[in-house]
Amino acid sequence: MATRTDLLQGTLDLLILRTLRAGELHGWGISKRVRSLSNDVLQISQGSLYPALYRLEDRRLIDASWGISTEGRKAKFYRLTDLGREALAQERASWRAFAGAIEAVLKGT
Amino acid sequence: MGFLRRDDARARDERAMTEEMRFHVDMEAAELERFGVPRDEARRRALANFGGVRRFTEEAQDARRIMWLDDLRRDVRYALRSLARSPGYAIIVVLTLALAIAANTSIFSVANGILFKRLPYRDPSRLLVLWDGLDWIGVSEAWVTGPEVAQLRRDVTSFEGVSAVRSGTATIGGELGADPQQVSQSSVSANFFQVLGAGPELGRPFNGGEDAPGMPRVAVISHRLFTQRFGGDHAQIGRPVLIDGRPTTIVGVLPAAFQFAPQASLASSMADVDVYTTMTDTLDRMSVDNHSLGVLARVRGDVTMGTALGELSALSKRLDGGLYLNKGFRFVPVLLQERMVREVRPALLALLAAVAMLMLIVSANLAVLALVRGARREHELTIRRAIGASQSRVARQILTETLVLSLAGAAAGIVLGSLSLRALLSIAPTGLPRREEIGIDVAAIALTVAVAIVVGLAMGLAPVLQSTRRDIVSALREKSSSRIGGRVRRALVLAQLTLSMMLLAGTGLLLGSFARLMRVDPGFNPSHVLTVDIMASRAKYATGQPVVDLFARQLAALRAVPGFLAVAATSAPPLSAGADQSGVVFPGSPTNTGNVDHDRLLVDAAPVTADYFRTLGITMLAGQELDASQHDSASSRVVIIDDLLAERFFPKRDAIGQIAMVDGDSLRIIGVARHVRLYDLEQVGRAQLWLPHAYTPYRYMSVVIRTAGDPMSMADAARRAIHGVDPDQAIAATSTMEDVVRRSLAQRRLVLILVGVFALAGLLLVALGVYGITANIVAQRTRELGIRMALGANRRGVIWNVLGEPTRLVAAGLVLGLCGTMLAGRLVQRLLYGVSATDPVTLIAVSVVLLGVAVVASYLPARRATRVDPVIALRSD
């Protein structure tokens, strides 16, 4: 498996929200999507994924319902709520600010 | 399963969560398989991957959100669900705990009410009871004389107040046709209620000066007398009643809970006083030889106890150097609280220790149960750990479960405890001190909850140790319970064995003491004896001959009743502790040295009538007993002494006809009788002598009647005969001598029964523990034993093989228990009679009992081992 980069605290939520922007996915799909979007660099450990999903659900940022997966199995699907969309925009802005700041520091030396 | 974070606002169906997890793991495994990983390996990796990180995230989450309360709620819910799945276990645990906690709570409530709670008086830690220490005549706590009380008031400035108390009985009513009633009465100094710091709830206490001679007579009465005799009629306050034939005004009524009993055992306190009157004697004018007053003193609030005691001992020295001629006189101060509980303390402490031991045995038993349950659920726990639940998480869940159980047990225990406390109080001897104050209170409930929490933790700890110490891989591999669990369990059973041995030893020693006491020859024959306490009215019968004649008439009337075989009277029947103390000198004794302190002996003295010894079955060893010829003070200058006196002063057995100087009067010895136990069955007590009633015309006497049939059934006949002589005659109490004997053993019986019940319960639990251990060994070794049997091992060999370990365990428990008994021996020594705390016979007998029970408990499952069918055993896993 590819190198793993530990996810910064708080970035997991951002990644999940971003992944769900395209449409609803089940937990396994989210982790797979993150892995492939990041070219196998970012790997969400499943153990943090589900708690994060439940937390987001509790905060009404995402919504969940049971459906049937493409493999024909019962699975739980998550989708963004309006609140989640707002949060995604906000998080994305703050992440960019943060990443830009880091980049500036790194260039500075 | 509740191992995932879940918000309470939207509780998720946990099965759905599991399903989601399973889906994920399946997908992961399928993907791995697609990459060419073999199916089993793919599954394992997917599972491990999931679990390994799971633990990390859980901890991270725990740190991020301080939601222990939330966790707690979830854990409790989880515990309830998992318990609901095994209701049998839950019920057994809760019931066992409830019973043990009920025992614990009720015993503690009694102990707390009696031993530890503040007395219901103002600043009770400053109340002292004072005695005269007259060590040179062997009396360390004698009553105090009047002049000494006066001197205490004058000289000890650290005392805020000093009150004299003299207890006795009085007749209330009578004369005017109202029914006369015999009541217990104390005459006290007017400042008594101020010194005590408690007083009437209706009316007023005594005013200063109301104890001066010639003042109108006033009384404060008990709540009981107020409601029973006066119907609680407030108008009675301020009205005169006849007390001992003299008009006395009731000025106050005490609260129902008021109690003042400066000495008490579990079995008897000084009877609750019904009437307090003022003591009108001029203390200074009382005799310096008359040690008759109880003294209650209150130390001033602005003075340290040390200063007060210093002042007191200075006065002791002055008195010793003066009147007491340096014989070593001292005042003996005792804290009232200490004095009140002195006789009870050892019994209560022993009971507390016994119930605590039972509680520990129960806890160990419950821990074993939890352990077994843990072993059964090992698979579940292992999986939960495999998928990442952290050790602390699993531990917390197990602990939550046991805590839920133990708190449920505590709740049931408190309910049961208040019931059993009521039952306990109803079987407790009537004289139990501070009875009114005993109840399940905050302290008892706090203790119960604390005990429950400790038990819950202890219960949970064993399976936690077992589950967390094991690594997951080996746990997944084997099914049977682990070595560590086995060791914890063995340690628990060993602790049980030790404690049970101690409890049994305690019971054995108490039982031995009790049996010995039952065999004590009290010096009289208590069967078929009725006692009736009567008092000659002061108004009708002035002192002297009229009183003697009244009793002579009463006894004659009683003798005429069919079925009454013998009738007599005394002021101090056996076991009543009712005698007076007199100094006696025998001028004709060959053992006299000329030293007054050596030759003069303080003895118990009591007036008796003719036929006394025959009625009570007291053996006359020499001479004869009193007869009708001693009918007036002139003809009755005779005395009967006991064998203790006879042997000490007349070793040549020539006491009859000798002279005894009793308090200065010379009396002729006409008989020697067997010594009678006058205090209780345990103490031999002082030497005794008996004087003719005609010589010492006491007005308060116990009539003793030997009856042909059941004595209590003849009580009415006795009452009728007495009222036939004088219809106004007050009768204080009727009882049987056998009841008196029983009452004197009441505290001992109560302690014995309770400790015995605790010990039996403990033994039962130990038997279960040993049984369980052996059964477990057999279960674990089924395969091995099967092979042994298949290879031709004989039954006995297999049984011995299996029994080896439980036997070593029991032996270790016995040895530890014996050591414990030796160490704790001092605790029970004061409760023992005629047995040492290390009595080898008792300890051996108890060891045999415990060993026997353990052998049976381990033999049963061991025998099963030999019935193992080798074929089945070999197949079993």
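Predicted model: local features only at pLDDT ≥ 70, side-chain atom pairs only at ≥ 80, totals over all residues.
**Entry 1: the outline of chain A**

I began with chain A, which holds four helices and three strands. Reading from the N terminus, I wrote down the order of its elements as α-β-α-α-β-β-α. Then I looked up burial: of the 109 residues in chain A, 44% count as buried. I also checked how far apart in sequence the contacting residues lie. Among chain A contacts between residues at least 6 apart in sequence, 53% join residues at least 24 apart.

**Entry 2: helix α2 of chain A**

Which residues of α2(A) are buried? This helix covers residues 27-37, and I listed A:Gly27, A:Trp28, A:Gly29, A:Ile30, A:Ser31, A:Val34 and A:Arg35 as its buried residues. I reminded myself that an α-helix has 3.6 residues a turn, so residues three or four places apart point the same way. Just past the end of α2(A), I found A:Asn39 with a positive phi of about 55°.

**Entry 3: two helices crossing in chain A**

Next I wanted to see how helices pack. I noted that two packed helices are described by the angle between their axes and the distance between the axes. The crossing of α1(A) past α4(A) is left-handed. On the α1(A) side, the contact is made by A:Thr11, A:Asp13, A:Leu14, A:Leu17 and A:Arg18. From α4(A) come A:Gly84, A:Ala87, A:Leu88, A:Glu91, A:Arg92 and A:Trp95.

**Entry 4: two helices crossing in chain B**

For a second example I turned to chain B. Here α22 (residues 746-780) and α24 (residues 795-829) pack at an angle of about 150°, and their axes are 9 Å apart. Why do I call them roughly antiparallel? Angles over 145 degrees count that way, so α22(B) is roughly antiparallel to α24(B). This time the crossing is right-handed. I traced the contact to B:Val770, B:Ile773, B:Thr774, B:Ile777 and B:Val778 of α22(B), which meet B:Val802, B:Glu805, B:Pro806, B:Leu809 and B:Val810 of α24(B).

**Entry 5: aromatic rings**

I moved on to the rings. A pair of aromatic rings is described by the distance of the centres and the angle of the planes. How many aromatic pairs are there over all chains? I get 15. One of them is B:Trp131 with B:Trp143, a tilted pair with 5.4 Å from centre to centre and 40° between the planes. B:Trp131 sits in strand β1 (residues 127-134) of chain B, while B:Trp143 is in the loop between β2 (139-142) and α5 (146-155), so the pair ties together parts that are twelve residues apart in sequence. Are these two buried or exposed? B:Trp131 is buried at 5% relative accessibility, whereas B:Trp143 is partly exposed at 35%.

Another pair is B:Phe192 with B:Phe193: the ring centres are 5.1 Å apart and the planes stand at 75°, so I filed the pair as edge-to-face. B:Phe192 is buried at 0% relative accessibility, and B:Phe193 is buried at 3%.

**Entry 6: a lysine over a ring**

A:Lys74 lies over the face of A:Trp66, at 5.0 Å from the ring centre.

Terms used: Residues numbered from 1 in each chain as written. Chains lettered and ligands numbered in written order. Heavy atoms only, no water. Phe/Tyr/Trp six-rings, centres within 6.5 Å; stacked < 30°, edge-to-face > 60°. Buried < 20%, exposed > 50% of the residue type's maximum accessible area, 1.4 Å probe, protein only. Lys NZ or Arg CZ within 6 Å of the ring centre and 35° of its normal. Left-handed = near helix turned anticlockwise from the far one by under 90°. Contact = heavy atoms within 4.5 Å. Axes fitted to C-alpha atoms, helices over the stretch in contact; angles between N-to-C directions. Parallel < 35°, antiparallel > 145°, perpendicular 65-115°, else oblique.
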